[in-house]
Amino acid sequence: MTAFRKVWYMNMENTPLLEMRNIKKDFFGNQVLSDINLTLREGEVIGLVGENGAGKSTLMRILFGANMIRETGGYGGEILLNGEVQKFESPFDAIEAGIGMVHQEFSLIPGFTTTENILLNREPKKKNLISEIFGERMNTLNRGEMEKKAADAIEMMGVNIDPKMVISDMPVGHKQFTEIARELSKEQLKLLILDEPTAVLTEKEAEALLDAIRGMAKRGIAIIFITHRLQEILSVCDRVVVMRDGYIVNESPAKETNVGQITKWMVGRDVKNSGAALETRNHENARTILSIEKLWVDMPGETVRNVNLEVKEGEILGIGGLAGQGKLGIPNGIMGLYPSGGKITFDGKDIPLNAPKKCLDSSFAFVSEDRRGVGLLLDETLEWNIAFPAMQIQNKFLKNYLGGLIKWRDEKAIKVVTDQYIKELAIKCTSSKQKAKELSGGNQQKVCLAKAFALEPRLLFVSEPTRGIDVGAKALVLDALKKFNRENGVTVVIVSSELEELRQSCDRIAIVSGGKIAGILPASSSVEELGALMLSQVI
Amino acid sequence: MNEKAINKKEKSWFGKLVESYGLPRLIITAFLLLLLILAPFVGADLPTQVSNIIARFSWNGILVLAMVPMVHSGCGLNFGLPLGIISGLLGATMSIEFGFTGPLSFVMAILIATPFALVLGTVYGWLLNKIKGGEMMIATYVGFSSVSLMCMMWLILPYKSPNMVWGLSGKGLRTTISLEGYYNEVLANFLRIRIGNLDIPVGTLLFFTVLALGIWAFLHTKTGTAMTAVGSNPTFARAAGINVDKMRLLSVVMSTWLAAVGILVYEQGFGFVQLYMAPFYMALPAVSAILIGGATVNKATIMNVIIGTILFQGIVTMTPTVMNNMIHMDMSEVIRIIVSNGMILYALTRKTEGAK
C-alpha cells in the first residue's frame with residue numbers, strides 16, 4: 001500500500017461513507033420516520049429489519065432520491081456521502097453519486113441476454129462511418145468489451161451465471177443476480193441497497209447470494225440488506241439495525257445478538273407496559289362455528305398453502321403473520337374473491353368456495369383490506385356504500401310493488417340506517433349524501449365497518465382494519481369491533497399485521513407463516529412467543 | 001378596475017352555477033342562446049327554428065337515452081349503437097313487408113324489432129364481457145362490421161314489397177324508403193300543437209318521456225342499483241354477491257333494444273327508413289350529445305340526456321341557418337358537417353374526464 005493510499009484509507013476511516021442525520025418524514029401529518037441516524041462505512045454490511053410499516057422502505061426511498069418522497073413534501077434532516085451533504089432530486093442523482101438499489105420486483109428485459117441487461121444504455125461503443133456523419137447515436141455496440149464488463153460484474157459476486165443466456169430462460173435466482181450485477185457494473189458504485197433480495201430465492205440460491213454479499217463487501221462496497229429472514233442477517237451482516245414505528249429502536253453488532261432478541265426488538269412495543277386485552281375470554285368449551293380444512297388460496301403475493309383452523313362461536317380470533325405469508329389470503333379466499341380450494345364448514349353446513357353470493361347468504365361479512373379497491377363505491381354516497389350489500393343480499397331497504405315484481409329502493413330507510421351508523425361510529429362527514437372518496441382513510445374504514453354491520457352477519461371477517469389510519473381512529477375502529485362482538489354475539493376474525501393490535505382486541509391469535517397456521521396462542525401470550533411463530537416457517 | 005372584487009362577490013351564485021352545470025355546458029348554452037337571439041336579425045324565423053330544435057330533439061332523444069344503461073354498468077359509451085339500429089330497421093322493413101299500415105305498422109315494427117334486439121344484444125353483451133376494459137373500441141368495430149354485413153343482407157333478403165325494393169330488378173331494398181302511408185309522423189301527430197309557425201310534436205315527446213321515466217324508475221330498483229354499483233366498482237359489486245357479467249349483459253341488451261326503438265321513432269319523425277350505410281352515422285351524434293349533456297364514461301343521468309340532446313341538436317340546426325343567412329350563400333351542408341363533427345370532436349375530448 002502506498003503512503004498516499006494509506007492516508008486516504010485512514011481518512012475514510014474517519015468520515016463514514018454514508019451518514020444519515022436526523023432524518024424525518026411525514027405523509028400529510030402522519031409521522032412515519034422520526035430522528036433516524038445511521039452511519040455506514042466502506043465495505044460494511046448492515047441488516048435493516050422491522051415489521052411492515054416500520055419505515056424501512058420509506059427510509060430507503062429517501063436515500064435513493066425517489067420522486068414519491070419529493071412529491072409528498074420532501075424530508076427533514078440531511079444525508080452525507082463521504083462527508084458531503086447530498087440532496088438528490090431523482091434516483092439518477094443517487095445513481096450518479098454511487099448508490100445502487102435492487103428492488104424486490106425485477107426490472108429486466110425478458111428477451112435480452114444477461115450481458116445486454118447488465119449494460120443496458122451504458123454499452124461500450126465503436127465508431128463507424130455512419131456514426132461519424134450522423135453522430136454517436138449511430139455507434140455500434142462493442143460486443144467484446146460488453147461481455148468482458150458483464151463477466152467482471154458477475155465475477156465480483158462470485159457466482160456462476162451465463163452472460164449469454166436470455167433472461168426469460170433463467171431461474172428466478174439468476175435474474176436476481178443479473179439485477180445485482182447490473183448495479184455492480186456501474187463503476188461509481190459505493191453503496192448497494194438490497195430490498196428483500198432473497199424473498200423469491202430458493203435456499204441454495206439464497207446461500208449463493210449471501211456469499212456474493214460477502215464478496216462484494218470485501219471489495220469495499222457497503223451494503224444495506226433488508227430481509228425478513230433473520231438468520232441471513234446474522235450470517236452475513238456486521239451490524240443489525242432494527243426499526244419500529246418510524247424509529248431506530250436498536251443497533252447492535254450481529255455477533256452480539258440472536259434471532260430471539262431481534263424479534264423482540266422488532267415486534268415488542270415496551271413489552272412491560274402494553275398488556276394484552278384486559279378481558280381475554282376463554283371459548284374452549286364453545287362449539288366450533290367455522291371450520292376450515294386444507295384451504296388453499298391463489299392470491300398473488302399472499303398464497304395460502306394449507307390452512308386448517310377452527311373458529312369458536314362468539315370469540316374474536318386474530319390472524320397475524322408477516323406480509324406475504326398468506327394471512328390475507330384466508331378471508332379473501334373464503335369469501336370467493338380469489339380462486340381457492342379446500343373445505344369450509346359453517347354451523348354444520350358445507351359452504352361452497354369461489355362463490356361470493358353463497359358466503360354472504362350464509363351470513364358472512366367481510367371488510368376487505370383493500371378499502372378503495374374492494375371496500376367502497378368511491379364515487380357514490382355514504383348511503384349507497386352502507387346500504388348496498390344489505391339491499392342486494394338480504395332485500396333490506398326495499399319497497400315492494402306489484403307483489404314483489406318491482407323492488408324499489410327505499411331512500412328513506414337507507415338514510416335512517418346511514419345516519420344511525422354515522423352517529424354510532426362517529427363518522428366525520430358533511431351528510432349521508434357525501435361521496436365516499438371525500439372522506440379520510442379512518443372514516444372510510446368506518447364506512448366499511450358500517451357496511452358489514454348493516455348485513456347483521458353471524459361471522460365477520462375484518463382484514464387489516466387499521467391499515468393507514470391514525471391512532472385515534474384505530475382505537476375507535478377496534479372498539480367498534482369489540483362492541484359488535486360483545487353486544488351482538490357475532491364471531492369476529494381479525495386479520496392484521498400488527499401484533500399489538502391483535503393482542504389488545506382478540507381472544508386467541510393464530511399466526512400464519514409460509515401459507516400455513518404456525519400455531520395458535522392465547523392473546524395474553526408474550527410478543528416473543530408470537531414473534532417466533534411468525535418467523536418459524538417463512539418462505 | 002374593481003372587477004376582481006365584483007367577481008368575488010358574485011362567485012357565490014355564478015360559482016355555484018358553474019359547479020352544478022359545468023363551464024363547458026354553460027358556454028355551449030350561451031352560444032345556443034346567442035344563435036337564437038341572432039336568428040331574427042339575420043332573417044331566420046324564430047318559431048320555425050325553435051320547432052326545428054324540438055322536432056330534432058324528439059327524433060334523437062331515445063337514441064341518446066340508449067347510452068344510459070351501458071354507462072351505468074361500466075361498459076362505457078355504446079359505440080355499437082348501429083347494432084340496435086339494425087334490429088330496428090329489420091323491424092321496420094318486416095312490418096312493411098308483412099303489409100301493416102298506419103299506426104299499426106309502428107307498433108308491429110317495435111314488436112318485430114324486439115326479438116332481434118334481444119338476440120343481437122345478448123351476443124354483443126357476451127362479447128363485451130370477454131374484453132373488459134376495451135369495450136368502447138370493440139363496440140365501435142361491432143357497429144362497423146354489423147353495418148357492412150347488413151349492406152349485403154339488405155340486397156339478399158327476400159323482400160317483395162314494391163314500396164321498398166328497387167323498381168327495375170324487383171329485388172333488393174332501396175337505400176331510402178318513404179314511410180308515407182305507414183307510420184310517418186304517427187307519434188308526432190298525436191296531440192300535436194300548432195301555433196303559427198311553432199309546431200310541437202307532443203306525442204313523440206310523450207313517448208320519449210315514458211321511456212325516460214322507465215329508465216329512471218329502473219335505476220331506482222334493486223337491479224338498477226346493482227347495475228350502477230357494477231359500473232362504479234365491479235370488485236365491490238362482486239364482493240356483495242352481484243353477478244357482474246349478468247348485470248353488464250342486461251345493460252347491453254337494454255341499450256340495444258332502446259336503440260332499436262329509438263331508430264323507429266327517428267324514422268317516424270323523419271319520414272323515411274334509411275338503410276345501408278345510414279346506421280353508421282347514428283352512433284357518434286348520440287355519443288356526443290350525452291357527453292355534452294355532462295355525462296362521463298361511467299356516470300350518466302336522464303338530465304344529461306335531455307340537456308345534451310337539446311344542446312347538440314340545437315347547435316347543429318341553428319349554426320348553419322344563422323351562418324347561411326349572414327353570408328347569403330348556401331353552404332348549409334358544409335357548415336353542418338363542420339359543426340356536427342366539431343361537436344363530436346369536442347365531446348370525445350371530454351370523455352376521459354370521468355375515467356378514474
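Me: What makes you say that helix α9 of chain A lies across β3, β9 and β10 of chain A?
Reply: Contacts and fitted axes. Two residues are in contact if their C-beta atoms, placed from the backbone, lie within 7 Å. Helix α9(A), residues 203-218, lies across β3 (45-50), β9 (191-195) and β10 (222-226) of chain A. Its direction is at about 155° to β10(A), on a scale of 0 to 180 degrees between N-to-C directions, with axes fitted to C-alpha atoms and, for helices, over the stretch in contact. Keep in mind that this is a predicted model: local features need pLDDT of at least 70 and side-chain atom pairs count only at pLDDT 80 or more, while totals for chains, interfaces and linings use all residues. Residues are numbered from 1 along each chain as its sequence is written, and chains are lettered from A and ligands numbered from 1 in the order in which they are written.

Me: Why are β6 and β12 of chain A called edge strands?
Reply: Two strands pair if DSSP finds at least two bridges between them. The open sheet here has six strands in the order β6-β9-β10-β3-β11-β12 (chain A), and the pairing is mixed. β6 (99-102) and β12 (247-253) of chain A each pair on one side only, which makes them the edges. From one strand to the next, the twist averages 20°.

Me: How do you know that β11 and β12 of chain A are joined?
Reply: Count the bridges: pairing asks for at least two, and β11(A), residues 239-244, has six to β12(A). The two run antiparallel. A:Val242 faces A:Asn250 in β12(A).

Me: Which domains does chain A have, and what makes them touch?
Reply: The bounds come from an automatic or database domain assignment. Domain 1 of chain A is 3-98 + 188-267, and domain 2 is 288-534. Their C-alpha centres are 37 Å apart, yet nine residues of domain 1 of chain A contact nine of domain 2 of chain A. Helix α11 (259-267) of chain A gives the largest share of the domain 1 side, five residues.

Me: What makes chain A and chain B partners, and which element of chain A gives the largest share?
Reply: 24 residues of chain A are in contact with 15 of chain B. α13 (356-361), α14 (371-375), α15 (382-394) and β20 (406-409) of chain A each give two or more residues to that side of chain A. The largest share, five residues, is from α15(A). By class, the chain A side has 16 nonpolar, three polar and five charged residues; nonpolar means Ala, Val, Leu, Ile, Met, Phe, Trp, Tyr, Cys and Pro, charged means Asp, Glu, Lys and Arg, and the others, Gly among them, are polar.

Me: Why does the radius of gyration of chain B agree with a compact globule?
Reply: The rule is 2.2 Å times the number of residues to the power 0.38, over C-alpha atoms. With 356 residues that gives near 21 Å, and chain B has 21 Å, so the two agree. The C-alpha atoms of chain B fill a box of roughly 75 × 60 × 35 Å along the principal axes.

Definitions and conventions:
Helix = DSSP H or I, 4+ residues; strand = E, 2+ residues; numbered from the N terminus.
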